[in-house]
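Let's take a walk through this structure together. Keep the sequence and the 3D view side by side as you read.

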Amino acid sequence: ATGGAAAAANVVGRATMQSMEMGAARAMSSVDNESIQIDWNDFNYPPFLHVVHYEPSELPSSINGMVRFQNAFFKAMFVGCAVNLCNTVVIVFALSGVPGKWLLYSLLNAIIFSSAAFVTFFTGYKGLATNDSSSVWRFKLMQGAGTLLCVLLGLVPWGCTNGLGKLGARGEYSGGKGYWDFAIVCESILFLVNAAVGAYNVYRAQTYDPYAVAGSG
């Protein structure tokens with residue numbers, strides 16, 4: 001009976017040690033995230049606006065690349081919307097019958113879509129930096145929606161947007177067709193490439209495991 005009790009105690013002891021080791025690994029991950037020195041009140045981004053703090057050099061290598069790609073999605077969305085606005089200005093004044101309201105729609109798209117992409121980026125960035133799983137989950141939903149939006153902007157001929165479908169849907173207007181074709185191709189490539197970046201961001205956020213990274217270190 002004494003031998004059986006000793007064996008049982010040995011098994012319980014081993015199980016307890018394994019549990020403590022797993023807990024220590026998780027605690028180490030939390031400590032690593034807490035040790036990241038980020039002054040969230042140092043507003044330095046985006047340039048000229050300075051509404052949030054963003055400094056990639058402050059991030060550990062395990063998430064630095066992910067955050068840079070998230071930021072790249074925001075930048076590409078801003079560039080794509082700015083290009084569309086410039087193209088719309090040229091098209092409205094160069095072609096006959098193009099509605100002037102497209103200028104307003106293009107400006108609104110630039111403000112709304114760029115702002116949404118910025119909020120998406122910052123949600124993912126701060127969620128990863130602080131190991132906040134709820135923020136990362138929200139980022140995946142927002143980034144997924146942004147990715148779908150880029151696919152639509154790159155393919156569908158909606159008013160002022162120059163998706164690939166616009167190549168066969170501009171016969172009612174005259175003049176400036178060469179430039180318009182160029183604008184359609186450029187904008188479509190920009191948004192479709194950004195859709196690929198967005199899909200990659202969702203995949204990386206979905207498969208990222210901070211505990212596995214801590215364990216491998």
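Predicted model: local features only at pLDDT ≥ 70, side-chain atom pairs only at ≥ 80, totals over all residues.

Phe48 counts as exposed, at 83% relative accessibility; here exposed means over 50% relative accessible area, buried means under 20% and partly exposed lies in between, using a 1.4 Å probe and protein chains only. You can find Phe48 in the loop between α1 and α2. Residues are numbered from 1 along each chain as its sequence is written, and side-chain values use heavy atoms, with hydrogens and water left out.

The loop that holds Phe48 also holds Pro46, between α1 (2-34) and α2. The peptide bond leading from Tyr45 into Pro46 is cis, and its omega is near -5 degrees.

Now step back to the whole chain. It has six helices and zero strands, where helices (H or I, at least four residues) and strands (E, at least two) are DSSP runs numbered from the N terminus. Along the sequence the pattern reads α-α-α-α-α-α. Of the 217 residues of the protein chain, 35% count as buried. Contacts, meaning heavy atoms within 4.5 Å, tell you about the fold as well: among those between residues at least 6 apart in sequence, 65% join residues at least 24 apart.

Which way do two of these helices run past each other? Helix α2 (residues 61-94) and helix α5 (residues 177-207) have axes that come within 9 Å and cross at roughly 160 degrees. That makes α2 roughly antiparallel to α5. The axes are lines fitted to C-alpha atoms, for helices over the stretch in contact, and angles run from 0 to 180 degrees between N-to-C directions. Angles over 145 degrees count as roughly antiparallel, under 35 as roughly parallel, 65 to 115 as roughly perpendicular, and the rest as oblique. By class, the contact of α2 with α5 has 19 nonpolar, seven polar and two charged residues. In this scheme Ala, Val, Leu, Ile, Met, Phe, Trp, Tyr, Cys and Pro are nonpolar, Asp, Glu, Lys and Arg are charged, and the others, Gly among them, are polar.

Next, visit Thr147 in helix α4 (residues 133-155). Is Thr147 buried or exposed? Thr147 is buried, because its relative accessible area is 12%. Leaving aside residues up to four places away in sequence, Thr147 touches Phe73, Ala195, Gly198 and Ala199. A polar atom of the Thr147 side chain also lies 2.8 Å from the backbone oxygen of Gln143.

Asn131 sits in the loop between α3 (101-129) and α4. Asn131 is not a glycine, yet its phi is positive, near 55 degrees. With a relative accessible area of 28%, Asn131 is partly exposed.

Leu164 belongs to the loop between α4 and α5, and Leu164 counts as partly exposed at 36% relative accessibility. Not counting residues up to four places away in sequence, Leu164 touches Gly154, Leu155, Ile184, Ser188 and Leu192. From Leu164 to Cys186 there are 22 residues in sequence and 9.7 Å in space, C-alpha to C-alpha.

Key:
Polar contact = N/O pair within 3.5 Å; in protein donor to acceptor, adjacent residues only side chain to side chain.
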